[in-house]
Amino acid sequence: MRVLGVDPGLTRCGVGVVDGVAGRPLTMVGVGVVRTSPDADLGRRLVAVEEGIESWLDEYRPERVAVERVFSQHNVRTVMGTAQASAVAMLCAARRGIPVVLHTPSEVKAAVTGSGRADKAQVGAMVTRLLRLAAPPRPADAADALALAICHIWRSPAQNRLQEAVARHRGAAPSARPPKGRTA
């Protein structure tokens, strides 16, 4: 499976592509950052993020896009920019029919390091080790994007089994409503 991880941000949007399946060694295919100027107009910055994400989708053709779920922060301006960049990434993937998954920061940290409270240095060190890189990707946004992709690859088999079980349960449950065209 090829996954594009996106660590959303308006100034620096981390992007990283990882190939692999759960239980096997993973391979980094690409990593980088889509940058925008803090001095630019918000609309122009969002277009720049879109163009950057579209370029990554064109070049790497991922099967899934894993985006960090926006969480509440004390700085409203920061969380708004993060949410806007996140929405752009989801829109770009959805426009192409690529499934999008959201992972919380603590979920990603726990998957990659074993602790949901790991700091950025620990995440970078584990990404480096797991992908057999010579050095941690810089800036941290790039390492975080790779961590998102790794998290999704490792968690997707369990998530797929849960979704299938829920679908089977819903399909087997008797309907409370009579079929269309009939009354009870």
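User: Why does Glu51 count as partly exposed?

Analyst: This is a predicted model, in which local features need pLDDT of at least 70 and side-chain atom pairs count only at pLDDT 80 or more, while totals for chains, interfaces and linings use all residues. Residues are numbered from 1 along each chain as its sequence is written, and side-chain values use heavy atoms, leaving out hydrogens and water. Buried means under 20% relative accessible area, exposed means over 50%, and partly exposed lies in between (1.4 Å probe, protein chains only). Glu51 has 44% relative accessibility, so Glu51 is partly exposed.

User: What makes the pair of Arg44 and Glu51 a salt bridge?

Analyst: A salt bridge needs a side-chain nitrogen of Lys or Arg within 4 Å of a carboxyl oxygen of Asp or Glu. For Arg44 and Glu51 the N to O value is 3.4 Å, so the pair meets the definition. Arg44, at 43% relative accessibility, is partly exposed.

User: How many salt bridges does the structure hold?

Analyst: The structure holds 9 salt bridges. One of the pairs is Arg155 and Glu107, at 2.9 Å from N to O. Helices (H or I, at least four residues) and strands (E, at least two) are DSSP runs, numbered from the N terminus.

User: What makes the link between His103 and His152 a polar contact?

Analyst: A polar contact is a pair of N or O atoms within 3.5 Å; within protein, one must be able to donate a hydrogen and the other to accept it, and residues adjacent in sequence count only if both atoms are side-chain atoms. The side chains of His103 and His152 make such a contact at 3.2 Å. His103 is in strand β5 and is buried, with a relative accessible area of 0%.

User: How do you know that β4 and β5 pair?

Analyst: Two strands pair if DSSP finds at least two bridges between them. Strand β4 (residues 64–68) and β5 have 4 bridges, in the parallel sense, so they pair. Val100 in β5 is the bridge partner of Val65.
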